Amino acid sequence: MTIDPFYLQQVQATTRRHFFGQAGAGIGAFALQSLLSRESSGSDTVAPAPSAATGPLAVKKPMRDAKAKAVIYLHMAGSPSQLELFENKPTLGKFHGQECPKEYLEGKRFAFIRGVPKMLGPLFKFQQHGQAGQWISELLPHFASVCDNACILRAMTTEQFNHAPAQLFIHTGQARLGNPSMGSWATYGLGSENQDLPGFVVLCSGGKQPDAGKSVWGSGFLPSVYQGVQCRTDGDPVLFLSNPQGMSRDVRRKTLDAMRDLNELQLKQVGDAETLTRIAQYELAFRMQVSVPDVMDISKEPKHILEMYGAQPGYVSPAESADDPRQLYKGDDPTFANNVLLARRLVERGVRFVQIYDWGWDHHGSSPGESCDETLPIKCRYSDRAIAALIKDLKQRGLLDSTLIVWGGEFGRTPMMQNNVRSELKPGLIGRDHHPHAFTMWLAGGGIKGGLAYGQTDDIGYYPTENKTTIRDLQATILQVLGFDPYLFNFPYQGLNNRLIGPTDEGRVLKDILT
């Protein structure tokens, strides 16, 4: 008989006083034996990974037929302007420079706009691409060549208009701290196909982390084994993963054995299921000392693959080592491309969820280095080639049908110019404020119809007019393609059956975009 090692966590969630704590200790000890069937030889070999039937990251059968087995989520932190990338609005251009009509200002809240701003027309040219005639900006020529593989959601909307709450909302389902991220939910429900790597990996570029910090890949009230593991592109991929100076692998193995014995004793005395998480994480970290350096070494990729992505093995971005992240804009930076290639290598090896955060898409135009007219083209140059390469590469390897790619920010940008600093247009200082009412995202791969434009906005891109898509809709649809019932998939905590899509059933699966 095999007992789920996290049965205890479910038991403890049934009452605030952990009524079954003492009884759970015995069950936990039994589960621990199942989880860590180890050899006690103390050799320097890697300890055997938990079998496919045991362990917190063991593969679990989805609730229903899954279209995708893995997710690569590309979050452009700061939120790119849909009006410069995907929304061709010639009517907006006709109002360029005119004062914004009152109906778009009265009763509205803006992050920075004050008084009456001027309308800001599109800054770049658009053309139709692909069999569906998708409108795509000149800034994304590489994505335009593969757009028939993507479904562009042109009428996204959110409830939040500041970065941190909006990022938390889209990734955890709540605008406040303390809830599990989407990647945590996925690994909790499905486990991971590679027991020697984390089920949920996070990669960051652009010189900074998202405004919401590490909470956007935290596990919240789920066991901490399901939180995202951030890997770095230079130095040790995971901080403190390498053995300290003077400690051999054999000594490390003996140390972990002793720590496990102590944790097992604590488990028997306290009955806290998080102790099982701690033991599992120590063992995973030990195995990762061998597996992570190998998967993170993109120099093993053929030259033509590196060139396709624009990746450069061993590159260290100036933004990662300089006080001023604007040094990023002094030359081509392949950090994002390296991370995208790493994402492919990770899902190829069975990692369930890869989250990439690329900072630098917050183009207000209020200071140098954050403008729509100059900085946005630079960000597109860094990212466009790699993203198109990811789609092509997954497709040629037969992985696109089983890998869901998500691209987008946390909200959109206003059709008006931001005016809190200046009211005139100056090169390098042209920008747009945060806009929650309408923005663009796209999905590609597992379970998604390619070459589809879903949703429409009005003539200036202010409001959705057709197939309005909420954050709850997006979350429900992602869960659906992964094989979950988004309305039944939950975790009991503090008396509630908590869900990614929130307590109500307002989120709808976008069946029209699914294969």
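**Close-up 1. Asn467 sits in the loop between strand 14 (464–466) and strand 15 (469–470).** Welcome to a short tour of a predicted model. Is Asn467 buried, partly exposed or exposed? With a relative accessibility of 32%, Asn467 is partly exposed, because that value falls between the 20% and 50% limits.

**Close-up 2. Ser79 is another non-glycine residue with a positive phi, here of about 85°.** Look for Ser79 in the loop that links strand 1 (70–77) and helix 3 (82–85). The relative accessible area of Ser79 is 0%, so this residue counts as buried.

**Close-up 3. Thr157 belongs to strand 4, which covers residues 150–157.** Thr157 has a relative accessible area of 10% and is therefore buried, since the cut-off for that label is under 20%. Which residues does Thr157 touch once its neighbours within four places in sequence are set aside? They are Pro436, His437 and Phe439, together with Lys468, Thr469, Thr470 and Ile471.

**Close-up 4. The side chain of Thr157 meets the backbone oxygen of Pro436 and that of His437.** For Pro436, the distance from this oxygen to a polar atom of the Thr157 side chain is 3.2 Å. For His437, the backbone oxygen is reached by the Thr157 side chain at 3.4 Å.

Note on methods. Residues numbered from 1 in each chain as written. Predicted model: local features only at pLDDT ≥ 70, side-chain atom pairs only at ≥ 80, totals over all residues. Heavy atoms only, no water. Helix = DSSP H or I, 4+ residues; strand = E, 2+ residues; numbered from the N terminus. Buried < 20%, exposed > 50% of the residue type's maximum accessible area, 1.4 Å probe, protein only. Polar contact = N/O pair within 3.5 Å; in protein donor to acceptor, adjacent residues only side chain to side chain. Contact = heavy atoms within 4.5 Å.
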